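Morning, everyone. I have one structure to walk through today.

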Amino acid sequence: MIVFDYDACIKCGKCEKICPSLAIAIDDYPELRYADKCWHCCACIKECPAGAIRLRLPPHIGDQRYELLAFEDGKDVVYQVFFEGNVVDEMRIRVRR
């Protein structure tokens, strides 16, 4: 499930535009309006310039205290795994452009 941090959100709308399943809608703030359509592709997480979106594992996959954040850092895409708000693992993948 996609989780939004409204304190960090800058309301840029990139998450709504990049979502391939059109699951995100924005009124005042973004929300996962159509959760059943979300593919958990993490496109919105990677695109968010404020790092305000995380993926919380669905209950059928794992412990919901874990969350995933993805962002670009130069030529790398960085995936950070959080447990109860603290980074517990990080993976970098070099992306050819």
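This is a predicted model: local features need pLDDT of at least 70, side-chain atom pairs count only at pLDDT 80 or more; totals for chains, interfaces and linings use all residues.

The cut-off for a disulfide is 2.5 Å between the sulfur atoms. Cys44 is also buried, at 8% relative accessible area.

Now Cys19. Its closest cysteine sulfur is again in Cys41, at 6.3 Å, and that is too far for a bond. Cys19 counts as buried too, with 10% relative accessibility. The total for the structure is 0 disulfides.

On to the fold. The protein chain has 2 helices and 7 strands. Along the sequence, they come in the order β-α-β-β-α-β-β-β-β. The radius of gyration is 13 Å, close to the 13 Å that the globule rule gives for 97 residues, so the chain is as compact as a globular protein of that length. Its C-alpha trace spans about 35 × 35 × 25 Å along the principal axes.

What about packing? Of the 97 residues, 31% count as buried. Take the contacts with a separation of 6 or more: 31% of them join residues 24 or more positions apart.

Last, the surface and the charges. The chain exposes about 6,400 Å², and carbon and sulfur atoms supply 50% of that. There are 14 positive and 16 negative charges, and their mean positions lie 7 Å apart.

That's the tour. Thanks.

How values were computed
Residues are numbered from 1 along each chain as its sequence is written. Side-chain values use heavy atoms; hydrogens and water are left out. Helices (H or I, at least four residues) and strands (E, at least two) are DSSP runs, numbered from the N terminus. The radius of gyration is taken over C-alpha atoms; the globule rule is 2.2 Å times the number of residues to the power 0.38. Buried means under 20% relative accessible area, exposed over 50%, partly exposed in between (1.4 Å probe, protein chains only). Contact means heavy atoms within 4.5 Å. Accessible areas come from the Shrake-Rupley method with a 1.4 Å probe; for residues, only the protein chains shown count as cover. Lys and Arg count as positive and Asp and Glu as negative; His and the chain ends are not counted. The place of a charge is taken as NZ of Lys, CZ of Arg, CG of Asp or CD of Glu.
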